[in-house]
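Thanks for making time this morning.

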Amino acid sequence: MERIENKLDKIESAPIIMKAVRQHEFGGPEVLVYEDAPAPEINPGEVRIRVHAVGLNPPDWYLRDGYKALPPEWQPKVNFPIILGTDVSGVIDAVADDITDFAVGDEVYSMVRFPTGMMGESKGYAEYVSVPALEVALKPTGIDHVHAAGAPMSLLTAWQFMIELGHDEPNPLQSYKHIPVPLEGKKVLINGAGGGVGHFAVQLAKWKGAHVIAVASGKHEAFLRDLGVDEFIDYTRIVPEDVIHDADLVVDGVGGPTTRRFLRTLKRGGALFPIFPLGFSGAEEAEKLGVTVSATQVRSNGAQLAELARLLNDGKIRVAIDSTFPLADAGKAHERAAQGNIQGKIVLTVA
């Protein structure tokens with residue numbers, strides 16, 4: 001009898017096994033392995049989500065290859081295997097004892113532990129993920145899990161850059177706090193307008209009453225016209241900084257060293273918001289031109305996702321899906337991302 005009880009104890013304590021995409025080394029898309037993994041347990045303050053869809057974002061492929069673009073001292077030291085992914089939509093299947101705002105069966109979406117978990121603790125490419133309840137919001141009822149999973153990081157980035165910061169955490173790349181600027185009646189240029197952050201930035205700027213100039217390849221023109229842009233510049237045919245010189249705000253969805261070129265599109269007193277500010281070298285030029293250059297680090301925020309859910313439900317903000325792939329084909333999804341010229345978001349389907 002004692003042996004039987006011991007066996008039962010072992011069975012009851014055995015971890016739930018799930019499917020996940022893990023990597024055991026840094027590298028290209030080929031290092032992403034679809035395999036068995038233990039499902040996460042939940043700690044106080046957390047819920048566990050049965051994932052239905054996962055949105056892809058640049059930090060996924062940055063971490064996959066070891067953040068090679070960062071200075072060596074900033075590159076991650078991780079304990080393999082790791083699971084990528086921050087943006088999830090699914091159904092809560094368990095809650096910690098101290099959770100009262102959510103219940104088993106709730107359909108939710110989230111950006112998981114970012115940037116605190118950006119070195120491998122977010123773990124979204126899986127059938128189950130545990131999430132701090134403060135980072136969770138009820139999924140917009142008017143859209144499916146695929147579209148909901150495409151929203152969190154890109155939409156929160158656009159929101160925190162342009163509408164409401166929502167936190168007091170400093171950006172490690174600048175000494176001053178990022179402050180969004182008024183948009184109503186302003187001329188706003190958005191570079192990379194067809195991409196994940198870009199297509200949300202377009203819609204938020206239009207929602208706030210701005211005159212929006214979209215910069216993207218010609219492939220995206222019809223798509224962006226449908227989102228309501230006032231002007232469209234095909235960067236493969238026209239150099240934006242040669243034709244735009246009086247913008248109030250530039251949101252550069254591409255960023256990096258090339259963002260400096262947009263300084264001369266701005267009027268004195270204007271602002272340049274590079275989504276990816278690493279490599280910007282035009283601080284002195286910006287000061288001479290009277291232009292504010294500012295960025296922030298997007299952070300998980302369940303309250304903001306709840307607010308954005310209302311805009312998504314009302315159709316004021318739409319999520320564009322570039323392509324979908326089964327979770328098992330995460331490597332193929334990363335190959336699609338590497339091809340560039342993405343229209344909206346790439347999403348993995350889980351259930």
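Predicted model: local features only at pLDDT ≥ 70, side-chain atom pairs only at ≥ 80, totals over all residues.

Let me start with Asn171, which is placed in the loop between α4 (152-162) and β9 (187-191), where helices and strands are DSSP runs (H or I of at least four residues for helices, E of at least two for strands), numbered from the N terminus. Residues are numbered from 1 along each chain as its sequence is written, and side-chain values use heavy atoms, with hydrogens and water left out.

If we leave aside residues up to four places away in sequence, Asn171 touches Ala295, Thr296 and Gln297, a contact being heavy atoms within 4.5 Å.

How many residues of α4 are buried? The count is 11 of its 11 residues, and among them are Trp159, Gln160 and Phe161.

Now to the charged pairs. The structure holds 16 salt bridges, each defined as a side-chain nitrogen of Lys or Arg within 4 Å of a carboxyl oxygen of Asp or Glu. One of them joins Glu35 to Arg22, with the closest N and O atoms 2.7 Å apart. This pair links distant parts of the chain, since Glu35 sits in strand β2 (residues 33-38) and Arg22 in strand β1 (residues 17-23), 13 residues apart. Both Glu35 and Arg22 are buried.

Are the partners in the bridge between Lys177 and Asp168 buried or exposed? Here the side chains meet at 3.0 Å, N to O, and both Lys177 and Asp168 are exposed.

The last pair is Asp322 and Arg336, whose side chains meet in a salt bridge at 2.9 Å, N to O. Asp322 lies in strand β15 (residues 321-326) and Arg336 in helix α10 (residues 330-339), so the pair ties together parts that are 14 residues apart in sequence. Asp322 is partly exposed, at 21% relative accessible area, whereas Arg336, at 14%, counts as buried.

Conventions: Buried < 20%, exposed > 50% of the residue type's maximum accessible area, 1.4 Å probe, protein only.
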